[in-house]
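Try each task before reading its solution.

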Amino acid sequence: MSLNIPETSKRRLVVIGAGFAGLRLVEKLKGSNFQIVLIDRNNFHQFQPLFYQVAVAGLEPSSIAFPLRRMFQKSYQIFIRLTEVTHISTESKTVHTLNGALSYDVLVVATGAATNFFGMDQLAARSFGMKTVGEALGIRNTILKNYEMALVADSDEERNALMKIVIVGGGPTGVELSGALADMRRFVLPKDYPDLDFRQMQIFLIEASPTLLNGMSEQSSCKAAEFLTNMGVNVMTNEQVTGYENNIVQLKDGKTLNSATVIWAAGVTGAPPGGFNEHQLGRGRRLVVDAFNRVKGESDVYAIGDIAFMDDPDMPRGHPQVAQVALQQAKNLAANLKRKELSDWKPFKYKDKGSMATIGRNKAVVDLPFLKFQGMFAWFVWMFVHLISIIGVRNKLFIFINWVWNYVTYDQSLRLIIRQRVPKKD
Ligand SMILES: Cc1cc2nc3c(=O)[nH]c(=O)nc-3n(C[C@H](O)[C@H](O)[C@H](O)COP(=O)(O)OP(=O)(O)OC[C@H]3O[C@@H](n4cnc5c(N)ncnc54)[C@H](O)[C@@H]3O)c2cc1C
């Protein structure tokens, strides 16, 4: 098999990953002197900040994913290939994929991050991650299916496990998901399942450190914990999940929880394609890059976004793995790649625009560089920022309509359990 990319006199730029970083880079280099090949294992870009809304049946997956081919319909120098990159040979300047190999002049690795189960295979096999739209859809199907099963459960113990949800990791993903589930328990599910006792729907949020939302201000972290507790979420800090078997969640202090659904949002790790040396990997298995995003020890290989660990004394833990870093690094690298002289290249400088998290209806926390606020106004700011960030006018419109509908009716209309049927192959 071959990727069938035509040979031209132009230099070939191969970009691996069409997330925030890879996509922004290609957009910025559209019409440049490169032949661009964009490779992703999916044929769409995913807007990860809204995965949790797919998981709670608030949004359709198609509202937060955008087909790559649509974005570059009229760009004849951009070639999109749907495949997985397995490894890279930097000596021969070749990218190896499941569908064949391809040579490059310049390579940009923008493969993001993968869920980190910290080596606990048992948890990796039995709990849900939140790194793909497929996983978010899996959570939605499982939660809805569990409530159907709870109706016909033989014992209270079984019903309890089916209705209890354990979320591991008190970062933005865990906080947003547990808040959205609490809203679902309050406003939506009791109407659908009047014969279930929703006091049994317990939501546990388990965080290993002493506080939630560790990347945010103390004020926001405390407020988020207060909001969640008032919404009936069992927030457990200084606690760790160590195992999960037969619906029993094992905690470090010896306690157990009986739950059929565990969602793992406790961390990410870099998952670069094979071919890089251990000395090129930094903290969190991210590729070590210099201030120009050039991978350590390479001359024509760059890494941007979550996968990049920039050697910067001001940021010993690396830049935060958030969309703004990915977008800004992509913009800076694209501008540098357009410059003729290496001496004109500009180093990357991160401009922190702030961070935010939503907790539930009328509740969010916002940290801006000059101002921190929480509550209803923060919630509107959160919605506005996410709406303008999502790609595509259609997606913006659909999400806006969905949000207004959900707000006015106190309902979410997407509670379908969709099973795939895949025909058997010989
Ligand atoms: C649930 C969740 C919520 C989040 N919420 C926020 C938020 O509110 N605000 C914020 O700023 N950030 C948020 N983030 C973080 C943000 O989404 C990431 O920082 C951002 O997506 C990083 O962009 P990226 O381009 O580096 O990687 P990604 O967006 O992850 O893109 C990587 C791409 O590479 C592709 N890929 C990976 N490996 C291969 C391979 N071997 N071959 C082919 N293709 C490959 C993947 O399919 C993917 O399309 C959230 C993340 C998650 C998971």
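**Exercise 1.** Determine how many residues of β2 are buried, and which way they point.

Solution. Start with the count: in β2 (34–40), 7 of its 7 residues are buried. A residue counts as buried if 20 or more other C-beta atoms lie within 10 Å of its own, as exposed if 12 or fewer do, and as partly exposed in between, with C-beta atoms placed from the backbone. Strands such as this one (E, at least two residues) and helices (H or I, at least four) are DSSP runs, numbered from the N terminus. Next, sort the side chains: Phe34, Ile36, Leu38 and Asp40 point one way, while Gln35, Val37 and Ile39 point the other way. In a regular strand, side chains alternate between the two faces of the sheet. Finally, look for the partner: β1 pairs with β2 in the parallel sense over 6 bridges, and valine 15 stands opposite leucine 38. Pairing requires that DSSP finds at least two bridges between two strands.

Before going on, note that this is a predicted model: local features need pLDDT of at least 70, side-chain atom pairs count only at pLDDT 80 or more, and totals for chains, interfaces and linings use all residues. Residues are numbered from 1 along each chain as its sequence is written.

**Exercise 2.** Find which residues of α1 are buried and what they pack against.

Solution. Of the 10 residues in α1, 8 are buried. They are Phe20, Ala21, Gly22, Leu23, Arg24, Leu25, Val26 and Leu29. Their packing partners include β2, β1 (11–16), β5 (78–82) and α10; contact here means C-beta atoms, placed from the backbone, within 7 Å. To finish, step past the helix: glycine 31 follows α1 and has a positive phi, near 85°.

**Exercise 3.** Work out the strand order of the open sheet of 4 strands.

Solution. The order is β13-β12-β11-β17, with parallel pairing. At the edges are β13 (234–236) and β17 (261–264), each pairing on one side only. From one strand to the next the twist averages 15°, with axes fitted as lines to C-alpha atoms (for helices over the stretch in contact) and angles running from 0 to 180 degrees between N-to-C directions.

**Exercise 4.** Explain why the ligand lies between the two domains.

Solution. First, the bounds: domain 1 covers 11–114 + 269–344 and domain 2 covers 121–266, as given by an automatic or database domain assignment. Their centres, taken over C-alpha atoms, are separated by 32 Å. Then examine the shell: 32 residues surround the ligand, the closest being Gly17, Gly19, Gly112, Gly305 and Val322. At least two shell residues each come from α1, β2, α7 (172–187) and α10 (323–338). By type, the shell has 16 nonpolar, 11 polar and 5 charged residues; Ala, Val, Leu, Ile, Met, Phe, Trp, Tyr, Cys and Pro count as nonpolar, Asp, Glu, Lys and Arg as charged, and the others, Gly among them, as polar. Because domain 1 and domain 2 both give residues to the shell, the ligand lies between them.

Terms used
A residue is near a molecule or strand if its C-beta atom, placed from the backbone, lies within 6 Å of it. Two residues are in contact if their C-beta atoms, placed from the backbone, lie within 7 Å.
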